[in-house]
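Subject: Structure for your review

Hello,

Here is the structure for you to look over. My notes on it follow below.

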Protein chains: 2
Amino acid sequence: MTGKRPSITKTPSVAEYQRIRKYVIDSVLAAGNMPVRLASMRELAGEFGVSIATVQRALKELTDDGYLTARKGVGLFTNPDRAWLRGKCDVIGVLAADGRQIYFENFLWNLLASTGRAVTGTRRLLYNVSLMYTTERVLGSMELSSMAGMIWLGPDFAPSAAADGFARALKVPVVTVNDRREGFSCVSMDVEQEGYEVGRRLLAEGRTSPIVVAKRRGMLQIAGLERAFREAGVPFNDRLLVLRGAGMEERLGTMLDLLDAPQAIYAVGGMLRDIAPLLRRHKLDCGRCRLIGEASVWEPDFSGWVVDQDFDALAAAACNRLFSEMRGGPRRDCLIPRIIREWKAGDSERF
Amino acid sequence: MTGKRPSITKTPSVAEYQRIRKYVIDSVLAAGNMPVRLASMRELAGEFGVSIATVQRALKELTDDGYLTARKGVGLFTNPDRAWLRGKCDVIGVLAADGRQIYFENFLWNLLASTGRAVTGTRRLLYNVSLMYTTERVLGSMELSSMAGMIWLGPDFAPSAAADGFARALKVPVVTVNDRREGFSCVSMDVEQEGYEVGRRLLAEGRTSPIVVAKRRGMLQIAGLERAFREAGVPFNDRLLVLRGAGMEERLGTMLDLLDAPQAIYAVGGMLRDIAPLLRRHKLDCGRCRLIGEASVWEPDFSGWVVDQDFDALAAAACNRLFSEMRGGPRRDCLIPRIIREWKAGDSERF
């Protein structure tokens with residue numbers, strides 16, 4: 001029993017546990033200042049299609065946690081002290097990437113943090129959607145019934161068929177942030193405008209041959225860059241494109257060896273993180289070479305143009321879109337301009 | 001099989017699934033730009049003490065999600081495209097209240113959002129600790145081994161013996177935020193100073209008989225208030241104390257009926273949320289009665305003194321304390337001053 005192999009059948013599964021927990025917490029919220037008697041264990045077992053032992057175990061934990069109080073011979077009652085929000089209010093789901101992130105880094109967390117603030121700031125409740133357990137189970141459980149709408153952050157951050165299936169199974173409005181998904185409104189950073197703006201600034205400085213480091217061909221930043229060059233009548237040299245992959249370091253290293261200092265290196269998306277060690281080894285002169293990269297992966301001892309994002313503006317726009325669709329409004333995409341600012345190594349201000 | 005009662009034994013439990021998932025994601029991170037071959041299913045099954053079928057199922061999902069790529073006849077390899085942070089870096093756990101929040105409201109989310117930003121802003125990874133499933137399981141699994149330190153937000157927000165046991169079982173530094181726990185450093189809002197500051201301001205306006213609405217007797221805000229009165233040599237009338245509970249509305253309602261407009265109502269903690277409907281019914285004149293309450297539950301059409309918190313300062317202080325203890329520094333508590341500002345109904349600025 002206590003051996004190496006954990007017993008699977010002894011405790012209710014997370015899906016079952018969460019359904020019962022949610023039911024109880026919804027009851028506590030709805031009851032407000034009055035203690036209300038909970039349905040009997042038998043009724044709940046029937047309702048949730050689980051054994052009475054499972055209900056018993058879940059309710060014991062909820063009692064231990066203070067959501068319920070036991071009155072001897074009468075039953076379990078909601079504890080008004082735990083009704084931290086009065087009455088019924090909308091629950092907005094937020095799904096971060098694939099809903100299975102073990103760890104969060106800077107970018108996705110900022111997106112989630114701002115979105116949660118925008119949601120809870122409107123007196124709605126936030127449900128941080130987890131798809132950690134297998135999807136078939138989730139689809140039948142609480143998430144589908146409890147949310148009034150969902151914001152899906154960065155579907156391409158960790159692409160997942162399960163997350164896609166989940167979002168499509170929902171019967172409520174869904175707004176994606178950062179990456180488009182067919183059939184949903186999308187609020188995203190205007191990365192084409194970012195590339196265009198970078199291009200215009202580079203051309204203004206006479207830097208006509210930037211090295212572009214990107215995850216893949218066809219990224220919108222590159223399209224914007226090319227548009228700026230086209231408008232200025234300057235040919236764009238796409239032989240200076242360096243793509244992520246096995247040969248990336250060698251290719252970029254060779255360029256850095258050949259060119260004394262390149263005119264500019266535009267690290268699209270999060271690519272600065274990947275090339276920073278290489279730039280250090282080659283002692284890149286940030287005075288002569290214009291370095292451009294994302295704020296979330298910028299290294300403070302580099303100088304250059306930091307491409308930043310207004311996470312709060314993105315989150316506010318996502319909420320506005322979602323609330324509008326919850327009121328029956330039409331689907332519509334929305335672009336938020338990116339911010340490009342100069343950073344000098346040694347600046348004391350945090351970025 | 002697809003009936004009302006879900007089959008529990010068919011899928012790996014969340015604890016098992018997470019352990020395997022974490023192992024794979026750690027491998028992807030550690031491998032960096034190189035695809036590295038994963039241990040065999042048999043080895044992993046032995047390592048994690050689960051069946052080969054369980055490992056197989058978990059790895060299939062990780063392959064579907066793109067963390068692993070299958071090479072026919074050779075095995076599974078880490079996918080370098082998924083190594084979004086290079087090499088090894090510290091994981092900081094953040095436990096929000098009891099780790100079992102189904103929904104987040106404004107206050108706890110702001111605390112979590114700021115803490116996560118402070119953690120990920122230092123190039124560390126954030127692990128959002130979930131204690132949704134039963135604790136015995138968690139104690140044997142990933143959380144204990146993966147974190148370099150943990151920040152526990154609002155232990156009193158949803159008191160839980162399980163969360164207490166979990167924090168105490170950890171072998172790494174733990175810093176609590178907002179509420180003290182024996183044996184851990186605590187970073188909190190200086191609520192005694194808040195009460196003192198409120199008291200001084202009320203006395204400066206000649207308001208010597210404030211109604212104080214509180215969750216319970218002995219709250220530090222009340223102690224601070226009394227200190228301000230004591231220092232000024234003004235007797236403090238604690239018969240105007242209204243405590244949360246069954247008779248609260250009647251008691252406060254009677255006071256509002258008797259006094260034409262009270263000099264002041266100080267809603268300690270989140271109590272403004274509880275009494276706002278009553279204040280509305282009694283058409284409280286916020287011009288004559290000084291209303292004091294928390295920003296997180298303030299209603300924009302009220303006027304008064306809003307008690308606010310600098311969540312970012314709190315989060316930064318918690319990180320600093322934790323990192324200091326991770327480097328072997330001593331335990332120490334830390335108080336962050338609260339901000340009190342005037343709010344006039346109709347102010348356009350968001351609060």
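**The surroundings of A:Gln309**

Leaving out residues up to four places away in sequence, A:Gln309 touches A:Phe107, A:Met189, A:Glu294 and A:Arg338. Before going further: this is a predicted model. A:Gln309 belongs to the loop that runs between β12 (304-308) and α12 (311-326) of chain A. With a relative accessible area of 9%, A:Gln309 counts as buried, because the limit for that is under 20%. One of the residues it touches, A:Glu294, also makes a polar contact with it, side chain to side chain, at 3.3 Å.

**Chain A as a whole**

Chain A has 12 helices and 14 strands. It has 351 residues, and 57% of them count as buried. Among its contacts with a separation of 6 or more, 70% are between residues 24 or more positions apart. The chain exposes about 14,900 Å², and carbon and sulfur atoms supply 51% of that area.

A:Arg21 lies in helix α1 (residues 14-31) of chain A. Is this arginine buried or exposed? At 0% relative accessibility, A:Arg21 counts as buried. Its side chain reaches the backbone oxygen of B:Arg100 at 3.1 Å. Not counting residues up to four places away in sequence, A:Arg21 touches A:Leu62, A:Asp65 and A:Tyr67 in chain A, and B:Asp98, B:Arg100, B:Ile102 and B:Met132 in chain B.

**Aromatic rings**

There are 13 aromatic pairs over all chains. One of them joins A:Phe104 and A:Trp109, edge-to-face, with 5.2 Å from centre to centre and 75° between the planes. Both residues are buried: A:Phe104 has a relative accessible area of 7%, and A:Trp109 has 0% relative accessibility.

A:Arg71 lies over the face of A:Phe77, 4.0 Å from the ring centre. The charged end of A:Arg227 is over the ring of A:Tyr196, at 3.8 Å from its centre.

**The nonpolar core**

In soluble globular proteins, nonpolar side chains tend to be buried together. Here the largest nonpolar core has 134 residues. Which residues have the most contacts inside it? They are A:Leu59, A:Met150, B:Leu59 and B:Met150. For B:Met150, the contacts beyond four places in sequence include B:Gly93, B:Val94, B:Leu95 and B:Val129. Also among them are B:Phe166, B:Ala167, B:Leu170 and B:Leu322.

**Two positive phi angles**

A:Ala97 is not a glycine, yet its phi is positive, near 55°. A:Ala97 is found in the loop between β3 (91-96) and α4 (106-120) of chain A, and it is buried, with a relative accessible area of 1%.

B:Lys283, also not a glycine, has a positive phi of about 45°. B:Lys283 lies in the loop between α11 (271-281) and β11 (290-294) of chain B. At 71% relative accessibility, B:Lys283 counts as exposed.

Regards

Terms used:
Residues are numbered from 1 along each chain as its sequence is written. Chains are lettered from A and ligands numbered from 1 in the order in which they are written. This is a predicted model: local features need pLDDT of at least 70, side-chain atom pairs count only at pLDDT 80 or more; totals for chains, interfaces and linings use all residues. Side-chain values use heavy atoms; hydrogens and water are left out. Rings of Phe, Tyr and Trp (its six-membered ring) pair if their centres lie within 6.5 Å; planes under 30 degrees apart count as stacked, over 60 as edge-to-face and the rest as tilted. Buried means under 20% relative accessible area, exposed over 50%, partly exposed in between (1.4 Å probe, protein chains only). A charge sits over a ring if NZ of Lys or CZ of Arg is within 6 Å of the ring centre and within 35 degrees of the ring normal. A nonpolar core is a set of buried Ala, Val, Leu, Ile, Met, Phe, Trp, Tyr and Cys residues joined through side-chain atoms within 4.5 Å. Contact means heavy atoms within 4.5 Å. Helices (H or I, at least four residues) and strands (E, at least two) are DSSP runs, numbered from the N terminus. Accessible areas come from the Shrake-Rupley method with a 1.4 Å probe; for residues, only the protein chains shown count as cover. A polar contact is a pair of N or O atoms within 3.5 Å; within protein, one must be able to donate a hydrogen and the other to accept it, and residues adjacent in sequence count only if both atoms are side-chain atoms.
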